[in-house]
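Student: Please show me the sequence and the structure, and then let us go through some questions.

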Amino acid sequence: MAKFLYRLGRFSFEKRRLVVLLWLGVMAALVAGAANAPTPPPDTFSIPGTESQQAFDLLGERFPGTKSDGAQARIVFVAPEGQQISSEPNKAAVEKIVSDVSGGAQVKGVLDPFQTGAVSKNGTTAYATVSYGATPQDLTDATKNALTTAIDNGKTSGVTVEVGGTALMAKPEMGGATEAIGIAIAAIVLMITFGAFAAAGLPLLTALIGIGVGIAAIVAIGMSTTTTTLAMMLGLAVGIDYALFIVSRYRTERAEGYSAEESAGRAVGTAGSAVVFAGLTVVIALGGLAVVGIPALTKMGLAAAGTVAVAVTIALTLLPALLGFFQRAVMPKAFRKALAADAKSPADAQALAAMPIAEKKPNMGTRWATFVVRRPVAVLLIGLVGMGVLALPVSSLELGMPGDESQPTSTTQRRAYDALAEGFGPGFNGPLTVAVDVKGVGDPKAALDEVTKTLAATKDVVSVSPAMFNKAGDAAMLTVVPASGPSATATKDLVHALRGEAGGLKSATGATVLVTGATAMNIDVSQKMSDALLPYLAVVVGLAILLLMVVFRSIAVPIKAALGFLLSVGAAFGVIVAVFQWGWLANIIGVHQTGPVMSMMPIFLIGVVFGLAMDYEVFLVTRMREAYAHGESAHDAIVTGFRHSARVVVAAAAIMIAVFAGFIGGGEPMIKMMGLGLASAVFFDAFIVRMTLVPAVLALLGDKAWWLPQWLAKILPNVDVEGESLNHLKAEEPVRELESANA
């Protein structure tokens, strides 16, 4: 592989104008395709194989227009203090709002509280439910404005009116000022790392081009823009990192005396090999999200994997082409000074340019690696204890889907939630929908009466609404209100209890009873995620270990890499639980309400962080492997690897942390959780695991770290990631070649 990538790098450098034009053409074609692509069908959230989805499918078939992910608004009315909501003026105000809302084009139905009995026992609170024939993302501005206008007009009567549900749910924003700040920080880190504007700008430029190509391709092939959330986040982060490593290696090769063209080829042949395998681990982790079995998550993972693949391709082709246009500009000031001095004193210039960059300034990576190698036991124990303490909160992890209760108290959604809980009880914020299939039942009405009676007698059920039949009379729908809130453990137990009674009702009445609704679906999602966690880990970690065995020609290094990743994820989840469940430092990042961790977070965080963790492992340890393969001792190889890679790994991690931390400033709790979890995981993995625990473990193992059984060595392909084969290429080219002033 090193030879192939070497030739690819040299070709891209030599034919740089052609390569740049080809990429510009590809991007233009994809942008044109995206602009002319038909509008993709609305995204639907489904969880195949669950009872919730079966019930929604049944309702969609028997009650045309019912959508499992259709938007819904719950308008809560609270009478002025000392008054009843059913008094004549208050009732008139409520009915006026209901009438105004029901006229919208996307409105499927509105349930009047006085007709359905949705009035609290003390008579002060009522609620109306509005159902829409579109998802929250597809509601038009006109529909939303009609809802808010009707409510604002109704408030003039003195009645307090608040709106909950999904109709006014804000779309998660992944961009904005906070992300721009992350990019700005990345630019500053690159400038500090390279000390050259061109060297700092190229990684940013190629990353942005990669995002443009990836997102345009996603839209052009018909995927909706909502699948691009993860693709944008990861595309930017890995795009910068991959270019950072290749540019750094190019500078090192130039400092060793190779020509610009040869340096570009060697950079792609060596660092490019690491980029390929690092990218493969990310792609494996993201593609493995398909194991979960949730189509929306699968699409998001595949879209992000495609964008990462684009970032790898750009780093291997477009980046060396651009290096051809900035051969000297990407080099440090000392090297450029040597070229400027060439005309005055060629001998001095030759000596200065031939001096390796790493030897010109004290190297913190060398000093740190030496410190760790001398005290591996103490460093390992301190690191393990620290990571273990950070992971302790994981024992209290609770999964769920945060709803309106997690919103700030300044929002109407949160006020509606609180008013409904106060007037009717917490369970009214998480009603359960029961779908009953009575097709082929002799007496459907009697069957529904028995079902209603059984459900109402179940512990923790507050009320059961009258059954609503479809036009054909072969299906019915009921609403069950629990005594506890949607995120409570008691509600989860109630859902399981109701489903447990379905078998007896089937035998007694012949009716099929299915429990669904947003609350039940969230419970099913959490369960599906929990069930998929171990298979997902087995597939992703297993494939990655095999891949890393090929890269490092070792058994211990891949296993150590996987175990270190588990430490990083555990510590990151400890931080998430401490902030979002326990409320530690919650106010600082704008978390207004503690609650369960988003049920998708474990799979999501594991998938993304695993890929990124293996990036740092590959970039750092391949340099150690390269030094060891070239004859250095196991301990010396560790120090050499740090001397060449520590600075860029630190820079790469700082950039990732800056990009991910930018999302902590997002308004949605889900986005905050993603940003904090990813930023924490990258920090722990890069600085604690890869740069502290890894050298300590390798120092303890010594030569055994690179041991591979002979029979396995014969089976595994030798990909030459350390670029040893490049030493025999281009023998006719001088080992030292000072670039002429005209280069």
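Student: How many residues are in the largest nonpolar core?

Tutor: This is a predicted model, where local features need pLDDT of at least 70, side-chain atom pairs count only at pLDDT 80 or more, and totals for chains, interfaces and linings use all residues. Residues are numbered from 1 along each chain as its sequence is written, and side-chain values use heavy atoms, without hydrogens and water. A nonpolar core is a set of buried (under 20% relative accessible area, 1.4 Å probe, protein chains only) Ala, Val, Leu, Ile, Met, Phe, Trp, Tyr and Cys residues joined through side-chain atoms within 4.5 Å. Tyr242 and Phe660 are among the members touching the most others in the largest core, whose residues number 169.

Student: Is Val312 buried or exposed?

Tutor: Val312 belongs to helix 11 (residues 295-316), a helix being a DSSP run of H or I of at least four residues, numbered from the N terminus. Leaving aside neighbours within four places in sequence, Val312 is in contact (heavy atoms within 4.5 Å) with Tyr242, Val275, Val276 and Gly279. Its relative accessible area is 11%, so Val312 is buried.

Student: What separates the C-alpha atoms of Val312 and Gly272?

Tutor: Val312 and Gly272 are 40 residues apart along the chain. Their C-alpha atoms are separated by 8.6 Å.

Student: In what order do the 4 strands of the open sheet come?

Tutor: Strands are DSSP runs of E of at least two residues, and two of them pair if DSSP finds at least two bridges between them. The pairing in this sheet is antiparallel, and the order is 2-3-1-4.

Key. Buried < 20%, exposed > 50% of the residue type's maximum accessible area, 1.4 Å probe, protein only.
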